[in-house]
Structures are given as C-alpha cells and as structure tokens.
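Keep the sequence at hand as you read.

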Amino acid sequence: MDVKTKRLFILSHCKRINKQLLSRLSTQDSSFHSFLMLNEDEWEMKFHIEKETIRLIKQEYRSYSFEELYTTYQKQNISFLPIFDEKYPSLLKEIPDPPPYLYYKGDIRLLDTLYLLSVVGTRHPTNYGQKALETVLKPLINMNWVIVSGLAKGIDTFAHEAAIAHGGKTVAVIAGGLNHLYPRENSPLANQLMEHHLILSEHSPSTPPQKWHFPKRNRIISGLSLGTLIVQAKKRSGSLITAYQALEQNREVFAIPGSIFDDFSAGTNELIRNGAKLVMDANDILEEFYLK
C-alpha cells in the first residue's frame, strides 16, 4: 500500500473528518501530506475549522497505528479501496458525491461487469411482491446480471437470495461498518455474501450503523448500477429516495406496478406515473439496454 493510500486509510478512521472535509483536504493536497504540516491558523483560514477541532483531528490521526489496523483487517479478510485505485467501480465514480473510499469483504471483481442491477423495496413485501421479483430477476440472473441491494429485510433480502438460488452473484451495500452488520437476523446471509459474493461499506469496519447512514448508502446502491428496480414501496420510503438518487445520477429507474388499493404499491405506481419504466418481465429491463 503506497503512502497516499495509507494516509487516506488512517483518515477514514478519524471521527471528526466527514466526507466533505475529506474532499476539501484532497482538493488542497491529493497526497494528504500537507494537512499535518499546516498550523492551526492555516487550517482555520483554508477550512474554516475551529483551532480546538483542528488539534483534536491531528491528535486522533496520530493515535492510530496503520500496521495494527491493517493487520487486523487482513485477518478478517477486509480490504480497503480508495477512489483513485483502478479497482474502484467506474460507474460509482460518475455520481456527484462518490465515496472517497470503500471497505469491502468478498469478490471485488463482481463490480467489473457493466451489467449490475440495483433492487430495492419494502421491508414487508406481500406474496405478490415476492413472486413479481422472482419473475423479473430470474432471467436476468441467468444472463449473468449481478444483483445489487442493501441487505435490509424484505425485498433486499429476497433479491440477494434470488441471485444465490439461481446460481448468480450479488452485492450488498450496508449502512454501518463491516463489523456491525444490520439487521442481525441477516447475519447468515451476510456471511454467505462475504464468502462467495461481495459486501461494501463507505465506513470503517468499527462504525455502528446510524439512522442517517441508510439514506446516504442508497446513493451507492443506485450509483453502482445501470438501473434501479423498485419493488413495492409506499409513498414515503427509503426506496423512493434511492429511485430519485438514481435519476439524479442519470441512471434508469424501473418499477413493478401494483394494485391501486395497496399502500405498498402507492410509491411504485407514482414513480411510473412520473416517468419510471413499468416492468412486467425481464425484457422490459433488457430492452432499455439493447439486450433483448
């Protein structure tokens, strides 16, 4: 690991450095060398941060041992991927606010393919939602599309499980760090993904999931893929956040329609009314990418 990557690796553990500050540090010095050399007055002038906060950031940075952390993660098969690494997913680089780094466990080569489809939806799907998901995904999985989702209960879980059941591959993007998998009941599934598929996080492994992490990670779910499929979503749900983030990223948005009497289809039906592509089978997705 080169010096630049080591510095970013340590910075990723500093609680007082958010993604915005890290971006500004990178713009100031892409090697992340000068920030330790700047005195408090220079920091205050360049980054508008109070001197006490600056002191604490430097103190925290110096408190970490690269060798100790790196050795620990190696034993856990956890890898670190900076945005300037050639293995960093190219589609994700295109979004307005790509993560400056990713932690992952599993096969990072799954992100090499262009044909990734993100799938999100309600945590409480009906039998209709499960059957519709299976009907749409099975042909895509058989054509080696990689399924991306968020390891949440409900549709996310069924999407990951469908990929596994049909001999395909799947990627999970989680909200907290890799040592804090959520929800706990999906730990067996997560272990299977880490062994044979892939799990990603934009947080250091020891970071517990926070409420605000979930909508933030949705931009990664949509950003990794050519398009996002919404399966059963209420009018106010995290799935719709993912859909609108996909639109902002200039990605395709697909939605499976549902009954006008079903609250869990109100969001998906509204998406279709607002321009998302109605999906009744896999061909509705394939034809959008000239693969029918």
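The walk below goes from the inside of the chain to its loops and its end.

This is a predicted model, so local features need pLDDT of at least 70, side-chain atom pairs count only at pLDDT 80 or more, and totals for chains, interfaces and linings use all residues. Residues are numbered from 1 along each chain as its sequence is written, and side-chain values use heavy atoms, with hydrogens and water left out.

Start with the cores. In soluble globular proteins, nonpolar side chains tend to be buried together. A residue is called buried under 20% relative accessible area, exposed over 50%, and partly exposed in between (1.4 Å probe, protein chains only). A nonpolar core is a set of buried Ala, Val, Leu, Ile, Met, Phe, Trp, Tyr and Cys residues joined through side-chain atoms within 4.5 Å. The largest nonpolar core here has 36 residues. Those that touch the most other members are F9, I17, L22, L25, W43, Y103 and I199. Two or more residues each come from α1 (3-11), α2 (19-28), α3 (34-37), α4 (40-47), α5 (51-63), α6 (66-75), β2 (101-106) and α10 (187-196). These labels are DSSP runs, numbered from the N terminus: helices are H or I with at least four residues, strands are E with at least two. There is also a second, separate core of 30 residues. Y104, I220, L224 and L240 are among its members.

Now look at L22. Contact means heavy atoms within 4.5 Å. Leaving out residues up to four places away in sequence, L22 touches L8, L11, I17, F32, P100 and Y101.

In α1, the buried residues are T5, R7, L8, F9, I10 and L11. They pack against α2, α3, α5, α6, β1 (79-82) and β2. In α12 (residues 238-248), S239, L240, T242, A243, Q245 and A246 are buried. Their cover includes β3 (116-121), α11 (213-223), β7 (227-231), β8 (252-256) and α13 (263-273). After α12 comes N250, with a positive phi near 65°.

Where is E202? It lies in the loop between β6 (198-201) and α11. Is E202 buried or exposed? E202 counts as buried because its relative accessibility is 4%. Its side chain makes a polar contact of 2.9 Å with the side chain of R219. A polar contact is a pair of N or O atoms within 3.5 Å; within protein, one must be able to donate a hydrogen and the other to accept it, and residues adjacent in sequence count only if both atoms are side-chain atoms. Not counting residues up to four places away in sequence, E202 touches K19, P99, Y101, L102, K216, R217, R219 and I220.

Next, some backbone details in the loops. F32 sits in the loop between α2 and α3. F32 is not a glycine, yet its phi is positive, about 60°. F32 counts as buried because its relative accessibility is 4%. N144 lies in the loop between α8 (127-142) and β4 (146-149). N144 is not a glycine either, and its phi is positive, about 70°. N144 counts as exposed because its relative accessibility is 63%.

P183 is in the loop between β5 (170-173) and α10. The peptide bond from Y182 to P183 is cis, with omega near -5°. P183 counts as buried because its relative accessibility is 4%. Leaving aside neighbours within four places in sequence, P183 is in contact with L151, A152 and K153. P183 and P209 are 26 residues apart along the chain, and their C-alpha atoms are separated by 10.0 Å.

Finish at E287, in the segment after α14 (282-286). E287 counts as partly exposed because its relative accessibility is 33%. E287 and L117 are 170 residues apart in sequence, and 14 Å apart in space, C-alpha to C-alpha.
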